[in-house]
Amino acid sequence: MAEIRDEAVLKAVAHPLRRRLLDNLRVDGPSTPSALARATGQAVANVSHHLRVLADAGLIEEAPELARNRKEHWWRMGDPRLSWDPADFSPEVADAADAIGLQRQIDLIHTWLGSPASRTEPWVHSAIAADFWLRLSPEELAELGAELEAVVLKYRGRPERADRVPVFLMSRGFPARP
């Protein structure tokens, strides 16, 4: 897991388009700026700029062995899992990074709920939407998080098949009052 400890790196992640680019590289693997531009609806030059920012932050790297010629540039993620401890950063930077991540999650949920697939078989009975209220100590919440991650990692990296599509899964746990 790539542990972000540098504020400049966290700032690089805290950008909506860069989050989308990272998501595309996580899901689809190495890609070119042109393919990423088509996937995100952005100009190739804009995508190239943001890929360079992510590379300068050490979050992605070039994959020259995939290029067919000198003009073609491929990019890939090293470790697709990124994490950071908000306590390591100024509140403004940590809050901005978390807000961008939360907005990305909300956008993905809105897209799913607005899609015809959300109301058709087999996904109508497969998609997960759940929330729970638990009474936990900070240690118990951390333990729950580690157990959930272990379960999710069991399903990660499965080979492609006709019936397998990218699935976005999120969970958050934090102290709150109803």
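Reader: Is arginine 5 buried, partly exposed or exposed?

Author: This is a predicted model, in which local features need pLDDT of at least 70, side-chain atom pairs count only at pLDDT 80 or more, and totals for chains, interfaces and linings use all residues. Residues are numbered from 1 along each chain as its sequence is written, and side-chain values use heavy atoms, with hydrogens and water left out. Buried means under 20% relative accessible area, exposed over 50%, and partly exposed in between, with a 1.4 Å probe and protein chains only. Arginine 5 has 60% relative accessibility, so arginine 5 counts as exposed.

Reader: With which residue does arginine 5 form a salt bridge?

Author: Side chains of opposite charge can pair when their charged atoms come close. A salt bridge is a side-chain nitrogen of Lys or Arg within 4 Å of a carboxyl oxygen of Asp or Glu. Arginine 5 has such a bridge with aspartate 88, and their closest N and O atoms are 3.9 Å apart. Arginine 5 is in the loop between strand S1 (2–4) and H1, and aspartate 88 in the loop between strand S4 (82–84) and H5, so the pair ties together parts that are 83 residues apart in sequence. Aspartate 88 counts as partly exposed, at 39% relative accessibility.

Reader: How many salt bridges does the structure hold?

Author: There are ten salt bridges in the structure. One joins aspartate 163 to arginine 161 at 2.8 Å, N to O. Another joins aspartate 79 to arginine 81, at 4.0 Å from N to O. Aspartate 79 is partly exposed at 26% relative accessibility, and arginine 81 is partly exposed with a relative accessible area of 25%. Salt bridges also link Asp23, Arg26 and Arg104 in a network.

Reader: Which side chain of opposite charge is nearest to arginine 19?

Author: For charge, Lys and Arg count as positive and Asp and Glu as negative, while His and the chain ends are not counted. The nearest side chain of opposite charge to arginine 19 is aspartate 23, 5.6 Å away; arginine 19 is buried yet has no salt bridge. Arginine 19 has its place in helix H2. Contact means heavy atoms within 4.5 Å. Not counting residues up to four places away in sequence, arginine 19 touches Val13, Trp84, Ala97, Ile100 and Gly101.

Reader: Which elements does the protein chain have, and in what order do they run?

Author: Helices (H or I, at least four residues) and strands (E, at least two) are DSSP runs, numbered from the N terminus. The protein chain has seven helices and four strands. From the N terminus on, their order is β-α-α-α-α-β-β-β-α-α-α.

Reader: How many residues are in the largest nonpolar core?

Author: In soluble globular proteins, nonpolar side chains tend to be buried together. A nonpolar core is a set of buried Ala, Val, Leu, Ile, Met, Phe, Trp, Tyr and Cys residues joined through side-chain atoms within 4.5 Å. The largest one here has 24 residues, and those with the most contacts inside it are Ile4, Leu21, Leu51, Leu59, Ile60 and Leu82. Among the elements that give two or more residues to this core are helix H2 (16–28), helix H4 (44–56) and strand S3 (75–77). Leaving aside neighbours within four places in sequence, leucine 21 is in contact with Leu36, Thr40, Val47, His50, Leu51 and Leu54. Over the protein chain, buried residues make up 24% of the 178 residues.
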